[in-house]
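Welcome! Let us walk through this structure together, one region at a time.

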Amino acid sequence: NPSLVPNNGVPSVIRKKLMGYVGFANLPNQVHRKSVRKGFQFTAMVVGESGLGKSTLINTLFNTTLYPPKEPLPPAAERPKTVAIESIGADIEENGVRLHLTVVDTPGFGDFVNNDDSWKPIVENIESRFDSYLEQENRVNRMKVVDNRVHACLYFIQPTGHSLKEIDIEFMRRLHTKVNLIPVIAKADTMTDEEIAEFKERILSDIAHHNIHIFQAPTYDNEDEETIAEAEEIASKIPFAVVGSDKVVVAPDGREVRGRAYPWGVVEVDNEEHCDFVKLRQMLVRTYMEELREYTNDVLYENWRTEKLVSMGVAQDSTVFKEINPAARMQEERVLHEAKLAKMEAEMKMVFQQKVQEKEAKLKQSEEELYARHKEMKDALEKQRADLEEKKKKIESGRPITPEKNTTGRRKGFLRT
Ligand code: GDP
């Protein structure tokens, strides 16, 4: 398929129509409305052995056929020997909110006889995205920064029911400081509820044992009960046991649902009793997409940046080092320049604010003046009206309604003529 040709991380953009509710229309409630016009950029990575349902789940999550059906894996001897990185982009729209979605796939991961270095190209890809962002940030003209950083990584765990495999642990250990890890149990319809509960427990204890940090919903003290309850509910489902399907099937009660039909019944994707798909979508799209972006920027990227600068010698206060290392010196100059720019920006902001305040005060004053004048004129008019009223009354009471009569009952005028 032409849209899936490896393209060095540059997404081939296709426009997509949604086929139903996804949830990112809620994004404006997560961030300021201003961003609505610009649209949002979100990059999700999927990692896991082939056949675990990654493409299907992405299609199910974003309710669009982003991924066409895959060709079956060729025999081992004919497969490429490295993990490839492919990205595919789509502009999707929900209730007027535009989302530029990029999905980074990592075909080949875990598919080799020796998977020791499967994580390497993935780390490199994530870091090269950080690099490109840093490079854009350092440009003088920072108006159009494209954020291609990976904001979330869905890691697909094979539904073995045992515990995590070496490759899972190695991958998560290498990646957890670089990307928001969201572990999911693939094809959860192949396990019973009990098996899933036990498997989840084992996975979580493995993760804790290896000090792996997976993405957690943030908790704020000042949130309302509902938000806290929602966050707890989502957290309680991690690692999400998911079922993917972009097919509509008929449930026993006649409803048409997205799901998988088996001789013994139908597994519904959007039914929380059947799997954790809804909770995963809630976490990734509806509630925490902005948190995922923020954490990527504020923590993961920032840590990587600091580390990089340190490794380049910028933090070292050795003039000798800087003199013999022009790259480090340039980097330091760049950082200083950036700080200067930031200061100038802050000053400009202050001046602007001051001006706005002055203008506001002036406006308020002229408003008051206008109001006073208006009142004065109104009072004057009122007075004039009252005077006129008075005059009118006087005139009315002074003018005889019927001419005066003489004592004989005849009109004076008649006597005179
Ligand atoms: P990928 O190689 O990881 O992208 O996997 P695909 O999405 O191409 O799916 C591989 C096969 O697994 C396809 O036949 C899918 O129909 C099937 N599949 C996908 N998701 C699920 C699931 O949740 N449960 C089950 N039982 N099969 C699934």
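E8 and E9 pair in the antiparallel sense, with 3 bridges between them. Here strands (E, at least two residues) and helices (H or I, at least four) are DSSP runs, numbered from the N terminus, and two strands pair if DSSP finds at least two bridges between them. Please keep in mind that this is a predicted model, in which local features need pLDDT of at least 70 and side-chain atom pairs count only at pLDDT 80 or more, while totals for chains, interfaces and linings use all residues. Residues are numbered from 1 along each chain as its sequence is written.

Back to the strands: Val249 stands opposite Val257 in E9. On to the next pair, where strand E9 (residues 256-262) and strand E10 (residues 265-268) are joined by 4 bridges, again in the antiparallel sense. Arg260 has Val267 in E10 as its bridge partner, and 2 residues lie between E9 and E10 in the hairpin that they form. Put together, 3 strands make an open, antiparallel sheet in the order E8-E9-E10. Its edge strands are E8 (248-250) and E10, each of which pairs on one side only. From one strand to the next, the twist averages 65°, an angle between N-to-C directions on a scale from 0 to 180 degrees, with axes that are lines fitted to C-alpha atoms.

Now for the ligand. It is surrounded by 14 residues, and the closest are Gly53, Lys54, Ser55, Thr56 and Lys187; a residue counts as near if its C-beta atom, placed from the backbone, lies within 6 Å. Helix H3 (residues 54-61) gives the largest share of this shell, 3 residues. By class, the shell has 7 polar, 5 charged and 2 nonpolar residues. In this scheme Ala, Val, Leu, Ile, Met, Phe, Trp, Tyr, Cys and Pro are nonpolar, Asp, Glu, Lys and Arg are charged, and the others, Gly among them, are polar.

Our last stop is Asp206, found in helix H6 (residues 193-209). Asp206 and Ile169 are 37 residues apart in sequence, yet 8.1 Å apart in space, C-alpha to C-alpha.
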